[in-house]
Amino acid sequence: MAFKVDLQKGYDMVEWESLFSVNINGALKGWFGSTRGLRKGDPISSYLFLIILEVFNGLMRGLKLNCAKSKVYFGSVNVGERERICRLLNMEEGSFPMKYLGIPLSSGHLTCEDYRGLTDRICSKINSWQARHLSFGGRAQLVRSLIFGLHNFWCANLPIPRYVILEVEQMIRGFLWAGKREGLYHAKVAWKTLCLPLKEGGLGFKCRFTWSQVCLGKLLWNIASLKQTLWVQWVHSVRLKGVSMWAYKKRERDPWYWNKILKVRPLVKQKLQVSVGNGNVVSFWHNP
């Protein structure tokens, strides 16, 4: 809220006006005053919406690939072929691990530093909130909606090591009880109790380790049910090679993420029943 003084009317006449600015790349650009605008139900609003939509569609159709911000990633391609492809595409060759939508991707084992992106994001969110001015219920809602949502996004795409889960839970407990991610605090209720349903006296939180196992079970189910995704098709053609997911035997050269998925097979199989259907994707000997 800003004010301006009308010099012609004198300093006693002060007119209040709401001024707004646009944040572009972290800097405020320009100021403009507020007006009444269109009211709800105004007949011209639908036409303005269509005009803006057409402009947006035109901008989307004019999008082009930015070669300076793009890289090419290879697997089992000789050096000469790599150089030729990079020259044709006018791009640099990238190396693993890489990040896609904030999640690290690697053909090898992810290190503790690769998972630092998850813990740093949670830490930055906790530090940005004015926790001292929030009630316990407000902090619990932020944990349930934002922190758990961020952790669930990672769990749905790759296995999370146990030490990372313990670190995340420690930061959550510190924020919940003391409004800070670390330091001394007094927990009035055990974390295991908070993870109980509301009708059983808890807050309905989901245990992070159990939820990680659930997400791995979801990946396993996608493979077993032949979900039409590129990754599932790659698993069947490269990893399984016609073998049932339940009959696959662990090998020494299997990658770390594949071993994590295989470990949840006994848990999933206990709760799973397969419908025969036409029988094309059902194994009489291995499927329950």
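Predicted model: local features only at pLDDT ≥ 70, side-chain atom pairs only at ≥ 80, totals over all residues.
**Salt bridges and a helix pair**

R116 has a relative accessibility of 24%, so it counts as partly exposed.

What does R116 meet in a salt bridge? Its partner is E167, and the side chains come to 3.2 Å, N to O. This pair links distant parts of the chain. R116 sits in helix α3, residues 116-128. E167 sits in helix α5, residues 162-178.

Side chains of opposite charge can pair when their charged atoms come close.

How many salt bridges does the structure hold? The count is 4. I will take you through two others.

Stay in helix α5. E169 and R173 meet through their side chains in a salt bridge, at 4.0 Å, N to O. The cut-off for a salt bridge is within 4 Å. Along helix α5, E169 and R173 are 4 residues apart, about one helical turn.

Is E169 buried or exposed? E169 is buried, at 8% relative accessible area. Buried means under 20%, so E169 qualifies at 8%. R173 is at 23% relative accessibility, so R173 counts as partly exposed.

Next, helix α2, residues 79-89. Here E81 and R84 form a salt bridge between their side chains, 2.7 Å from N to O. Both residues lie in α2, 3 residues apart, which is about one turn of the helix. On accessibility, E81 has a relative accessible area of 29% and is partly exposed. R84 comes in at 39%, and it is also partly exposed.

Now the helix pair. Helix α4 covers residues 136-155, and helix α7 covers residues 208-224. How do they pack? The angle is about 35°, and the axes are 9 Å apart. The crossing of α4 and α7 is right-handed.

Which residues make the contact? From α4, take F148, H151, N152 and C155. From α7, take R208, W211, S212 and C215. By type, the contact residues split into 4 nonpolar, 3 polar and 1 charged.

To recap. E169 and R173 pair within helix α5, with E169 buried. E81 and R84 pair within helix α2. And α4 packs with α7 at about 35°, in a right-handed crossing.

Methods
Residues numbered from 1 in each chain as written. Heavy atoms only, no water. Axes fitted to C-alpha atoms, helices over the stretch in contact; angles between N-to-C directions. Helix = DSSP H or I, 4+ residues; strand = E, 2+ residues; numbered from the N terminus. Left-handed = near helix turned anticlockwise from the far one by under 90°. Contact = heavy atoms within 4.5 Å. Nonpolar A, V, L, I, M, F, W, Y, C, P; charged D, E, K, R; others polar. Buried < 20%, exposed > 50% of the residue type's maximum accessible area, 1.4 Å probe, protein only.
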